[in-house]
Amino acid sequence: MTQAVPSLAPRIVVGVDGSSSSKRALVWGLFMARTTGSVLEAVTAWQNPSSWTGVGDDWDPVAEARAMLTACCAEVLGDDQPSDIRLTVLEGPATAALLSAGAGARMLILGSRGHGGFAGLLLGSVSAACAEHAACPTLIIHGDDLPPGLTLTSLPEVHGVQHPDDVGCGAVSPAGRPTNKPGEEGTR
């Protein structure tokens with residue numbers, strides 16, 4: 001298990017699970033870190049599966065989580081990835097891990113829903129719990145708006161990406177048009 005390393009530098013902590021929502025949160029995290037002179041810390045969590053069926057003896061959940069986190073940061077931040085970025089992998093439920101990582105942070109930033117969300121929810125259970133219980137300011141990213149100074153061409157893989165759970169929650173299609181819930185054609 002990788003533990004968060006305490007530091008004197010102020011931190012902007014971003015929860016990353018590989019979803020499009022967490023990728024947008026990562027973009028905002030970079031913006032907030034630069035704006036406030038803070039270190040960007042990307043955090044992901046893993047926990048043992050409820051059933052070990054189909055899990056090989058050589059499964060390394062920490063390595064798998066770190067690989068996803070590293071790949072996600074490289075994909076989203078590319079050449080803008082700060083040299084002092086912290087990649088933190090924690091064991092346990094996502095909410096507990098993010099609340100722990102956010103302790104003492106300048107801000108905790110999360111997407112509105114990750115991979116575990118249910119279609120139609122405006123806020124996922126992890127982001128809702130973190131917003132309610134975090135010991136630092138918490139920013140929940142909704143929609144596809146990018147931070148000031150970033151353009152569509154600088155982050156094409158983040159802007160307009162739609163997670164299947166984003167339908168009906170203010171998501172924007174790759175063509176830039178709002179999406180609707182089934183049966184709500186023309187209501188947006």
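**Close-up views of a predicted model**

View 1. Val13 stands opposite Leu108 in β4, where strands are DSSP runs marked E of at least two residues and helices are runs marked H or I of at least four, both numbered from the N terminus. This is a predicted model, in which local features need pLDDT of at least 70 and side-chain atom pairs count only at pLDDT 80 or more, while totals for chains, interfaces and linings use all residues. Residues are numbered from 1 along each chain as its sequence is written, and side-chain values use heavy atoms, with hydrogens and water left out. Strand β1 (residues 11–15) runs parallel to β4 and is joined to it by 3 bridges, and two strands count as paired if DSSP finds at least two bridges between them. Strand β5 (residues 138–141) is also parallel to β4, with 4 bridges, and in β5 the bridge partner of Leu108 is Thr138.

**View 2. The two faces of β4.** In strand β4 (residues 107–111), 5 of the 5 residues are buried, that is, under 20% relative accessible area, whereas exposed means over 50% and partly exposed lies in between (1.4 Å probe, protein chains only). Met107, Ile109 and Gly111 are on one side and Leu108 and Leu110 on the other, and both faces are covered.

**View 3. The nonpolar cores.** A nonpolar core is a set of buried Ala, Val, Leu, Ile, Met, Phe, Trp, Tyr and Cys residues joined through side-chain atoms within 4.5 Å. The largest has 26 residues, of which Ile12, Val14, Val16, Leu26, Leu40, Leu77 and Ile109 touch the most other members. At least two residues of this core come from each of β1, α1, β2, α2 (61–77) and β4. Apart from it lies another core, of 12 residues, including Val13, Ala97, Ala105 and Ile140.

**View 4. Thr44 in strand β2.** Thr44 is placed in strand β2 (residues 39–46), and it counts as buried because its relative accessibility is 6%. Leaving aside residues up to four places away in sequence, the residues that Thr44 touches include Val16, Asp17, Met68 and Thr88, a contact being heavy atoms within 4.5 Å.

View 5. The whole structure holds 1 aromatic pair. Trp28 and Phe31 form this edge-to-face pair, at 5.8 Å centre to centre and 80 degrees between the planes; rings of Phe, Tyr and Trp (its six-membered ring) pair if their centres lie within 6.5 Å, and planes under 30 degrees apart count as stacked, over 60 as edge-to-face and the rest as tilted. Both residues lie in helix α1 (residues 20–36), 3 residues apart, about one turn of the helix.
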